Amino acid sequence: MRLVSFAHDGRPRPGALIGSPEGDRVLDLSSTMPAGRHGVERIISDAEMLRVVAEAVRVQTAERESGQLHLVTEVTLVEPVRPGKILCLGYNYRGHVPVGVDPTTADPEFPDVFVKTPNVLAGPSDSVTLPRASTDVDYEGEIALVIGRRAHQVPFDRAMDCVAGLTLFNDVSARDWQGRSSQWELGKCFDGFGVLGPAIVTLDEVPDPHDLLLEVVRDGIVTVSQSTSTMVFSMPLLVHYLSQVMTLEPGDIISTGSPQKTADALAAHRPLADGDAVTIRVAGLGELTTSFVSPTVSPISGVQP
């Protein structure tokens with residue numbers, strides 16, 4: 001299934017994407033849930049509810065009554081979950097090495113983990129406002145794990161049982177602030193610097209999470225293209241490792257890191273500017289496109305700059 005959240009009557013509702021000849025449509029899942037239990041986090045944390053939702057999706061797909069569903073282009077998708085924790089990885093993809101050289105030689109011993117604070121969260125329909133305080137904002141296209149079951153000191157061989165599915169994540173970063181100290185958080189935690197979505201694709205629809213091609217396109221040019229097979233630390237290892245420290249809860253996000261940009265993209269690096277757009281795409285997981293805009297009004301005084 002492809003689970004989403006979409007705005008309706010001023011509040012988010014859970015939904016599922018249903019394919020149709022006209023494009024994806026949204027099935028409202030609110031009616032399938034008990035009173036007071038709204039949200040994709042509730043669905044992915046409850047095996048019986050997942051079964052009910054899967055049956056509703058199957059019936060709707062089989063009946064092909066797409067006229068009763070809104071096209072995804074007619075609704076506003078918001079972040080599919082509201083994570084309590086956003087955990088991110090640095091340097092988790094191997095770079096290119098010469099033929100005959102062991103690619104694991106330079107692997108770090110432990111994952112390089114940092115956190116993003118809740119204020120960074122943005123949805124697939126949101127633009128990211130470039131902060132006045134930074135002159136070097138960059139993007140990082142990543143695949144994120146969405147926790148579906150509470151995980152505390154989970155064994156490696158059971159770690160993926162705690163994962164509901166995968167989604168896409170843009171780890172937006174202010175490089176100038178990131179480099180000011182040994183801790184990255186200030187450069188990673190500007191408002192809106194964590195774009196999540198569009199959908200959570202459940203693991204039953206992902207044959208091999210470690211055989212996915214992650215691509216990033218900036219203004220029509222592919223700047224990242226690398227397989228998840230080149231990850232240093234595998235997805236189950238990350239869940240196992242992090243759960244030794246903290247209890248992972250349904251809806252929490254583990255973003256698995258970004259491959260290095262291509263040599264041409266690195267050579268032509270320029271900070272993000274007003275009007276730029278970045279698309280993260282992975283076959284089977286969809287596309288996440290984010291536009292970047294300049295601020296127009298001071299958040300304190302309301303005075304035009």
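Helices are DSSP runs of type H or I with at least four residues, numbered from the N terminus. In this predicted model, helix 2 gives the most to the lining of the second largest pocket, contributing three residues.

That second largest pocket holds about 290 Å³ of space. Its lining comprises 17 residues, of which I44, L50, D161, V163 and A164 are the closest to the centre. Two elements each supply two or more residues to this lining, namely helix 2 (47-63) and strand 12 (163-171). Sorted by class, the lining of the second largest pocket consists of nine nonpolar, three polar and five charged residues.

The largest pocket has a volume of about 480 Å³. Among the 22 residues lining the largest pocket, Y91, E140, S258, P259 and Q260 are the closest to its centre. Strand 6 (86-90) and helix 3 (175-178) are the elements that give two or more residues to this lining. The class composition of the largest pocket's lining is eight nonpolar, eight polar and six charged residues.

Is S258 buried or exposed? Its relative accessibility is 18%, and buried means under 20%, so S258 counts as buried. Leaving aside residues up to four places away in sequence, S258 touches Y93, E140, G141 and E142. With G141 there is also a polar approach: a polar atom of the S258 side chain lies 3.4 Å from the backbone oxygen of G141. E140, one of the residues that S258 touches, is likewise listed among the residues closest to the centre of the largest pocket.

Technical notes: Residues numbered from 1 in each chain as written. Predicted model: local features only at pLDDT ≥ 70, side-chain atom pairs only at ≥ 80, totals over all residues. Heavy atoms only, no water. Buried < 20%, exposed > 50% of the residue type's maximum accessible area, 1.4 Å probe, protein only. Polar contact = N/O pair within 3.5 Å; in protein donor to acceptor, adjacent residues only side chain to side chain. Contact = heavy atoms within 4.5 Å. 1 Å grid on protein atoms, 1.4 Å probe; cavity = no way out; pocket = protein on both sides within 12 Å on 5 of 7 lines; lining within 4 Å. Points joined across faces, edges and corners; volume = space filled by probe spheres on them. Nonpolar A, V, L, I, M, F, W, Y, C, P; charged D, E, K, R; others polar.
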